[in-house]
Structure formats: structure tokens, C-alpha cells
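My notes follow the structure.

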Amino acid sequence: MNAQTLKRLFDQVQKKRLSPDDAVERLRHLPFEDLGFAKLDHHRALRQGMPEVIFAQGKAPRQVADIFARLAAHGGNVLATRATEEQYAAVAAAFPDNMASNADRAEYRPLARAIVLKRDRKKRGKGVIVVVSAGTSDIPVAEEAVVTAELMGNEVQHIYDVGVAGIHRLLAHRGALAKARVIVVCAGMEGALPSVVGGLVGVPVIAVPTSVGYGAAFEGLAALLGMMNSCASNVSVVNIDNGFGAGYVASLINRR
């Protein structure tokens, strides 16, 4: 449910194509729908401009499927992050009619560990979001950012495996970086890449520390602290492995 959906609903009532009772029934689950094990925030897209996203980790496959199906019933895009193939199988079984249509079909993105249902393909971002990964091992987190930003209505470009161990690889993409409106940089180890990127551009850089690295990387803590101590003033940092959060914030920035 978003502002456009509400306007269409009110317009149908005004033109007597929909009865007031039917309109009330459609609005019945605002501001949320209680499934017993979850309370779905159908009001979030209207309130924040972005629909609620399912964090699938730790949820039973049937729970993910039930939540996904109820969100999908409202007609918008649906995203489940940190999802497994077993959870996707449950989603596919929950509404097989939708799965039969390529135009309205949920997909599993294994690299990003995300289940995606994309119906609204309107571009809402004003520019390009560029997602950068330091190494190939950082790509899963970067892909989570890519999937999130794409589903939120942005043009997204990715540049992978351009870490500081071979800085010439990054410099080969200076043209793409210069055209970006927002840049997401995912890096593990010592987490140096966001500072380098931040020094090359004049746009917001969202740094994502990843849990990639040897023992002293402390599962991303070293990268997190390094990024938070960046001397590049345009760098902000999200939590370890939080590609979703980076893609979400990048989308908000790109809409302004």
C-alpha cells in the first residue's frame, strides 16, 4: 500500500466503480496484518516510500512463504533477504499460479541469498547507484546491495574485484565512478577500499565491512573499525555484511 495505490482506490470509490464497503475491506489490514507469528507492516510503503522487507534468516520455510504471499497479495514488489533454497521452494509452492507467469514470478538469487518478486519496474532513482566489491569473496554481500537497490527502483551498476591489492583495477573504472550518484563499497580484510573510492569522488560512499579475512580480521570487525576511521569525509558505514542496509540507504539518497 502506497500513496498511488490509495489515490487509485479513492478514485474508484468516487467514480462508483468500487463500493465504500469494498474499499474499507481493502484497507482493513492497515496499518498492519497480524499472522500470529508476524505482524506485517502494509503501511510502511506509504509511510517511508519503501515496502517492508522480509528478513528470512531464522524463520521456518512456511513462515517465509506465508509472509511473502500476504505481502505479494497487495500487488507490489516483495523482497526476502538471507533466504535459503528451501525457503524459496516453500514460497513457490505457496502461490504456484504466480510462479507460472514470467511477468509475475518470484525468483531466487542464490548469490545474494534473496527471494525477489519484481512487479513495479518504474525507475524512482535520479541517477546510477554503483556497487563495488574489493574481492570476489565480497560479492555475495555486494549482490545483496544490488538486488535491494534494483527492487527499490534504481539503475544499478556493479564493479567487482577491484581491491587495493591491485589499485589499477579500480582506476580503470574511474569513469563509471564519476557518473555515480551514490556508491556502495563492500570490503573485508583491512577495509581500505571505501576510503580510496571516497577520495576519488564527490558523492556519498556507503561502506560495507564484510566478514572476509584471516584471523585478525575478527570476522569483519577490523574492516568495520577501519571504515569508521576513514579520513574520507564522504564515507558512511553500515554494519558487517549488511548489503541490504547499504542498498536501502543508497536508494533513499538516490531519490532525493
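Is arginine 169 buried, partly exposed or exposed? I looked it up: arginine 169 has 28% relative accessibility and counts as partly exposed. (Buried is under 20% relative accessible area, exposed over 50%, partly exposed in between, with a 1.4 Å probe and protein chains only.)

I was working on a predicted model, where local features need pLDDT of at least 70, side-chain atom pairs count only at pLDDT 80 or more, and totals for chains, interfaces and linings use all residues. Residues are numbered from 1 along each chain as its sequence is written, and side-chain values use heavy atoms, without hydrogens and water.

**Salt bridges**

I searched the whole structure and found 6 salt bridges. (The cut-off is a side-chain nitrogen of Lys or Arg within 4 Å of a carboxyl oxygen of Asp or Glu.) Arginine 169 pairs with aspartate 161 at 3.4 Å, N to O. Aspartate 161 is partly exposed, at 31%.

Next I checked arginine 62 and aspartate 66, which meet at 2.9 Å. They sit 4 residues apart in helix H4 (residues 61-72), so about one helical turn separates them. (Helices are DSSP runs of H or I, at least four residues; strands are E runs of at least two; both are numbered from the N terminus.) Arginine 62 is exposed at 60%.

**Helix H11**

I then turned to H11 (residues 221-228), where Ala223, Leu224 and Met227 are buried. They lie on the same side of H11, because they cover an arc of only 100° around the axis. (The arc uses directions from the helix axis to the C-beta atoms.) Their cover includes strand S9 (180-187) and helix H10 (193-200). (Contact means heavy atoms within 4.5 Å.)
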